[in-house]
Amino acid sequence: MSLLLMTVVFGAAIGLVLGILGGGGSILTVPVLVYLLQMDPHVAVTASLIIVG
């Protein structure tokens, strides 16, 4: 699976869960970016701020 497709799929899943449960997006976003998409943790934290914001 390509990296762009995985990013879109996981982003949509996080958005769906956030829509159902409410806030806490960075709690879900950072582990997905670090462990599933192999981003550097510092970059993942910054990216999650942009994604969730």
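This is a chat about a predicted model of a protein chain.

Trainee: How many helices and strands does the protein chain have?

Mentor: The protein chain has 3 helices and 0 strands, and from the N terminus on its elements run α-α-α. Its radius of gyration is 10 Å, close to the 10 Å that the globule rule gives for 53 residues, so the chain is as compact as a globular protein of that length.

Trainee: And what does the C-alpha trace span along its principal axes?

Mentor: The C-alpha trace spans about 25 × 25 × 15 Å along those axes, and buried residues make up 21% of the 53 residues in the chain.

Trainee: Switching to the surface, which residues make the nonpolar patch?

Mentor: Leu-16, Val-17, Ile-20, Leu-21 and Leu-28 make a nonpolar surface patch of about 500 Å², and helix α1, which covers residues 3-21, gives the most to the patch, with 4 residues.

Trainee: Take Leu-16, then: is it buried or exposed?

Mentor: Leu-16, which lies in helix α1, has a relative accessible area of 55%, and because exposed means over 50%, Leu-16 counts as exposed.

Trainee: What about the phi of Gln-38?

Mentor: The phi of Gln-38 is near 50°, which is a positive value in a residue other than glycine. For background, most residues other than glycine have a negative phi.

Conventions:
Residues numbered from 1 in each chain as written. Predicted model: local features only at pLDDT ≥ 70, side-chain atom pairs only at ≥ 80, totals over all residues. Heavy atoms only, no water. Patch = residues over 30% accessible without salt bridge, like charges linked within 9 Å, V, L, I, M, F, W, Y side chains within 5 Å. Areas by Shrake-Rupley, 256 points an atom, 1.4 Å probe, with all protein chains shown as cover. Salt bridge = Lys/Arg side-chain N within 4 Å of Asp/Glu carboxyl O. Helix = DSSP H or I, 4+ residues; strand = E, 2+ residues; numbered from the N terminus. Buried < 20%, exposed > 50% of the residue type's maximum accessible area, 1.4 Å probe, protein only. Rg over C-alpha atoms; globule rule 2.2 N^0.38 Å.
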